[in-house]
Amino acid sequence: MTDSKTGSRLYLFSVVLVAIIGGLLFGYDTAVVSGAEKALENFFQGGLGALYTSGWHGFTASSALLGCVIGGAISGLLASRFGRKRSLLIAAVLFFVSALGSWCPESGVLPYGQASKTLLVVFNFYRILGGIGVGLASAVCPMYIAEISPAKIRGTLVSCNQFAIIFGMLVVYFANYMIRNSLGDSTEAVQSAMNAIGWRRMFVSEAFPAGIFGLLVLFIPETPRFLALKGRDEKAYSILAHINGPDEARSILDQIKATVHEKREHIFAYGIAVVVIGILLSFFQQAVGINVVLYYAPRIFENMGASGDASMMQTVVMGVVNIIFTVVAIFTVDRMGRKPLLIIGSVGMMIGMIALAALSFTDSIGMAALVFIIIYTASFMMSWGPICWVLIAEIFPNTIRSQAVAIAVAAQWISNFLVSATFPSLSAWSVGGTYCIYALMSLLSALFVWRWVPETKGKTLEEMSQLWKK
């Protein structure tokens, strides 16, 4: 039922729910490797021997991130040319193809189960393909939600996308745990099966949610702001009226059209500061080291003394904690604002990483390390995890949003790749020293937000133009 003043919340939430499935697949695809990376290492080392170095393994474990850079970089072009909805559909297809290809990279051509250089290249190709889907989804999902949501609850709804990302990670942690436990009764049998078929089952499990996402995207509307940019005002008004009510829809459409006719030829139409701040938000979200913890969680827990099954279970526990604190962000982002949450989170992450560094230098492993990892990830999930995406989705003016979001997201995935790919080498140098680097980045992120990031709580997307003109 649609209210003349507020519109249909059921319709809005249904549309947003479909969009955030893209966030779930984002989390699923990026975290699935956490359970499979050790078995992948054993599989390729078994066939390639010394040729499969730690550098190659670091690349294989994080190769999807190269695709994320590509997907993020082209997201602006695709979102501007084909629309937000069709871009989400393209991402769904890429997720599905990547899941099948990673499951069987031999593709019916190469000998099944025989590791070779060619198979390694093909496997990484499929992972990069999935990464392109992740890069697209990471840019377009929050953009779609921000452009279709009323200003008063925009932060909450965009934060739900981060909830879906973390929920996707939790789902895949649990799926990996169940797949591992289904492979045998003894440790030796499980490890042998993991090296042969376990990692394949982990990757193909993504095909099911990817297929559902692709089907559901067909039934959601295009965003009214994209429709207005293309001159389809009546269709834009119809969607706005359904979401905001007829009384408010005309006013919103008039505001959108006012910004549509402003200058929009180049990315720096509102100055260089807005673009640089978007890039630095992306950089610091990754430079604090969060994805090292997410991607290498089982290995980190094993290094702390946990067995294979216990380390998998601890990742599930960590995933539950992440969910809880993402919910904290969802319920506070439109009340406290963006800046306070980011600064509080930065301080919490810095404390967690300093403590982990101290424990590492003193060779103290066990529950204390697990507690500080949880403090670190909880601080991230209530702040930089969701709030960075909220700001990237809303901080740019309408006429440069797709271009600026593409640049910011590409910068995020480049930073993600560099941090994740260098972790094995850095940890071989000094685990404690690596954690100190992440602690320093957490401190710098707090200073950056305090000094340069504007507060956007309660502002309409159209007001961003005036904010940056000032």
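I looked up the salt bridges and found 7 in the structure. I counted a salt bridge where a side-chain nitrogen of Lys or Arg lies within 4 Å of a carboxyl oxygen of Asp or Glu. The model is predicted, so local features need pLDDT of at least 70, side-chain atom pairs count only at pLDDT 80 or more, and totals for chains, interfaces and linings use all residues. Residues are numbered from 1 along each chain as its sequence is written, and side-chain values use heavy atoms, with hydrogens and water left out.

Entry on Asp29. I found its side chain in a salt bridge with Arg127, at 3.5 Å from N to O. The pair links distant parts of the chain: Asp29 sits in helix 1 (residues 9-48) and Arg127 in helix 5 (residues 117-148), 98 residues apart. I took helices as DSSP runs of H or I, at least four residues, numbered from the N terminus. Asp29 and Arg127 are both buried. Buried means under 20% relative accessible area, with a 1.4 Å probe and protein chains only.

Entry on Arg200. Its side chain meets that of Glu106 in a salt bridge of 2.7 Å, N to O. Arg200 lies in helix 7 (residues 187-204) and Glu106 in the loop between helix 4 (84-103) and helix 5, so this pair ties together parts 94 residues apart in sequence. I read 2% relative accessibility for Arg200, so Arg200 counts as buried. Glu106 also counts as buried, at 2% relative accessibility.

Entry on Asp334. I found a salt bridge to Arg338, with the closest N and O atoms 3.0 Å apart. Both Asp334 and Arg338 are buried. Salt bridges with shared partners join Arg154, Asp334, Arg338 and Glu394 into one network.

Note on methods. Helices (H or I, at least four residues) and strands (E, at least two) are DSSP runs, numbered from the N terminus. Buried means under 20% relative accessible area, exposed over 50%, partly exposed in between (1.4 Å probe, protein chains only).
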